[in-house]
Amino acid sequence: MLLSEQCYKKIDRELAKYPDDQRQSAVMAALAHAQVELGWVSPEVMQELADYIRMPAIAVQEVATFYNMYNLKPVGKHKITVCTNLPCALSGGERAAHHLKQKLGIDYRDTTADGEFTLMEGECMGACGDAPVLLVNNHRMCSFMSNDKIDSLVEELKK
């Protein structure tokens with residue numbers, strides 16, 4: 001098994017929310033739990049989840065590849081996603097992205113040599129009024145990100 005017993009317990013709680021003939025409804029949550037545990041979702045993990053949920057592996061892959069919140073290859077310890085949708089781009093998103101690229105020495109979809117940071121470009125995060133917006137590891141939203149706030153965030157994440 002690629003996932004821990006604790007991870008399967010979390011998936012079981014998600015599965016319990018649905019009738020047995022609709023187990024596939026828990027696939028997004030199952031993928032999320034697997035990713036939190038492993039950092040990314042490999043083809044082998046997708047197959048294991050498909051078997052566990054009792055749904056076709058291609059259906060799990062379709063979900064995992066459709067949504068950009070799932071990491072389909074290894075990423076850094078800290079994945080920073082910059083909102084570059086038009087409102088954010090016009091309100092400092094491009095500047096924030098440029099600053100991060102310079103500070104980390106990487107481009108979008110790259111990981112720093114030490115494996116600490118991956119930088120991603122993201123679509124609307126639903127916080128246009130808080131632009132520029134960054135999302136850290138799909139769980140922590142950071143708003144109004146000036147260069148100073150970006151520098152502080154990077155230093156905090158390095159600790």
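Colleague: Thanks! Where does the model come from?

Modeller: This is a predicted model, where local features need pLDDT of at least 70 and side-chain atom pairs count only at pLDDT 80 or more, while totals for chains, interfaces and linings use all residues. Residues are numbered from 1 along each chain as its sequence is written, and side-chain values use heavy atoms, with hydrogens and water left out.

Colleague: Okay, how many helices and strands are in the protein?

Modeller: The protein has 6 helices and 5 strands. Starting at the N terminus, the elements run α-α-α-α-β-α-β-β-β-β-α.

Colleague: And what does the C-alpha trace span along its principal axes?

Modeller: About 50 × 35 × 25 Å.

Colleague: In what order are the strands of the open sheet?

Modeller: The order is E2-E3-E1-E4-E5, and the pairing is mixed. Strand E2 (110-111) and strand E5 (140-142) are the edge strands, each pairing on one side only.

Colleague: Parallel or antiparallel, how do E2 and E3 pair?

Modeller: Antiparallel, over 2 bridges, with E3 covering residues 117-122. Asp110 has Leu119 in E3 as its bridge partner. E1 and E3, on the other hand, pair in the parallel sense over 6 bridges.

Colleague: Which helix packs on the sheet?

Modeller: Helix H5 (residues 86-104) does, touching strand E1 (78-83), E3 and strand E4 (134-136). Touching, or contact, means heavy atoms within 4.5 Å. The direction of H5 makes about 150 degrees with that of E1. For that angle, axes are lines fitted to C-alpha atoms, for helices over the stretch in contact, and angles run from 0 to 180 degrees between N-to-C directions.

Colleague: Back to the hairpin of E2 and E3: which residue there takes a positive phi?

Modeller: Gly115, with a phi near 75 degrees; the hairpin has 5 residues between the strands. Thr112 also lies in the loop between E2 and E3.

Colleague: Is Thr112 buried or exposed?

Modeller: Thr112 counts as buried because its relative accessibility is 11%. The cut-offs are under 20% relative accessible area for buried, over 50% for exposed, and partly exposed in between (1.4 Å probe, protein chains only). Leaving aside neighbours within four places in sequence, Thr112 is in contact with Leu104, Ile106 and Phe117.

Colleague: Why do residues three or four places apart point the same way?

Modeller: An α-helix has 3.6 residues a turn, so residues at that spacing point the same way.

Colleague: Last topic: which residues does the UniProt "binding site" annotation cover?

Modeller: According to the unreviewed UniProt entry, Cys83, Cys88, Cys124 and Cys128. They span 46 residues in sequence, yet no two of their C-alpha atoms are more than 9.1 Å apart, so they gather at one spot. UniProt positions are in the numbering used here, feature names are shortened, and annotations may be inferred rather than shown by experiment.

Colleague: Where is Cys124?

Modeller: Cys124 sits in the loop between E3 and E4, and Cys128 is found in the loop between E3 and E4 too. Cys124 counts as partly exposed because its relative accessibility is 42%. Cys128 is partly exposed as well, at 36%.

Colleague: What does Cys124 touch?

Modeller: Not counting residues up to four places away in sequence, Cys124 touches Cys83 and Asn85. Cys83 itself stands opposite Gly122 in E3.

Methods. Two strands pair if DSSP finds at least two bridges between them. Helices (H or I, at least four residues) and strands (E, at least two) are DSSP runs, numbered from the N terminus.
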